[in-house]
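Take a moment to turn the model around on your screen before reading on. Then come back, and we'll go through it piece by piece.

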Amino acid sequence: MVLIQLLLPTVIPGDEGPRDAKAALDETRRELTAAFEGLTAYLRAPARGAWTAPDGRMEHDDVVMVEVVTEAFDRRWWRAYAKTLAQRFRQQEIHVRAMPVTLLNDEGD
């Protein structure tokens, strides 16, 4: 099994308000639920991201984590989907990570 985590911004640059980010997150939730039969989204307490911009300024944003669990990691599909999400959320890139997991209800131990 593979746990896939995405960090998605809570605000879209140039938005009129949080409604656009909520709509983008809702669309993402529908897509991932259809593709993977479920997901977990941590929405209550956004995480605070920080990084150094190319010009040396410290940048910040608030992000939520979305997770799906699947049998295998399809790198090509996730790369294409990350590009779709980057456009949807008006980001240079979307942070996607995948890690192998063992679920306690898996047989074979």
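What follows is a walk from the overall layout down to single residues.

First, some ground rules: this is a predicted model, in which local features need pLDDT of at least 70, side-chain atom pairs count only at pLDDT 80 or more, and totals for chains, interfaces and linings use all residues. Residues are numbered from 1 along each chain as its sequence is written, and side-chain values use heavy atoms, with hydrogens and water left out.

Let's start with the big picture. The protein chain has two helices and four strands; here helices (H or I, at least four residues) and strands (E, at least two) are DSSP runs, numbered from the N terminus. Read from the N terminus on, the elements go β-α-β-β-α-β. The C-alpha trace spans about 50 × 30 × 30 Å along its principal axes. Of the 109 residues in the chain, 31% are buried. "Buried" means under 20% relative accessible area, "exposed" means over 50%, and "partly exposed" is in between (1.4 Å probe, protein chains only).

Now find strand 1, residues 2-9. Seven of its eight residues are buried, so strand 1 is largely enclosed by the rest of the structure. Which strands does it pair with? Strand 1 is joined to strand 3 (residues 58-70) by eight bridges, and the two run antiparallel. Strand 1 also runs antiparallel to strand 4 (residues 95-100), with six bridges joining them. Two strands count as paired if DSSP finds at least two bridges between them.

Thr70 is buried, with a relative accessible area of 15%. If you leave aside its neighbours within four places in sequence, Thr70 is in contact with Met1, Val2, Ile4 and Phe36.

Next stop: helix 2, residues 75-88. Which residues of helix 2 are buried? They are Trp78, Tyr81, Ala82, Leu85, Ala86 and Arg88. These cover an arc of only 155° around the axis, which puts them on the same side of helix 2; the arc is that of the directions from the helix axis to the C-beta atoms. The face turned away from the buried side carries the exposed residues Arg76, Arg79, Lys83 and Gln87. Just after helix 2, Arg90 takes a positive phi of about 55°.

Finally, let's look at charges. Side chains of opposite charge can pair when their charged atoms come close. A salt bridge here is a side-chain nitrogen of Lys or Arg within 4 Å of a carboxyl oxygen of Asp or Glu, and a search of the whole structure finds seven of them.

One of these salt bridges brings together the side chains of Glu27 and Arg88 (3.4 Å, N to O). Glu27 lies in helix 1 (residues 18-36) and Arg88 in helix 2, so the pair ties together parts that are 61 residues apart in sequence. Glu27 counts as partly exposed at 32% relative accessibility, while Arg88 counts as buried at 17%.

Another salt bridge links the side chains of Asp62 and Arg48 (3.3 Å, N to O). Asp62 lies in strand 3 and Arg48 in strand 2 (residues 40-52), so this pair ties together parts 14 residues apart in sequence. Asp62 is partly exposed at 30% relative accessibility, and Arg48 is exposed at 56%. Arg57 and Glu59 also meet through their side chains (2.7 Å, N to O), and Lys22, Asp26 and Arg29 are linked in a network of salt bridges.

Key
Contact means heavy atoms within 4.5 Å.
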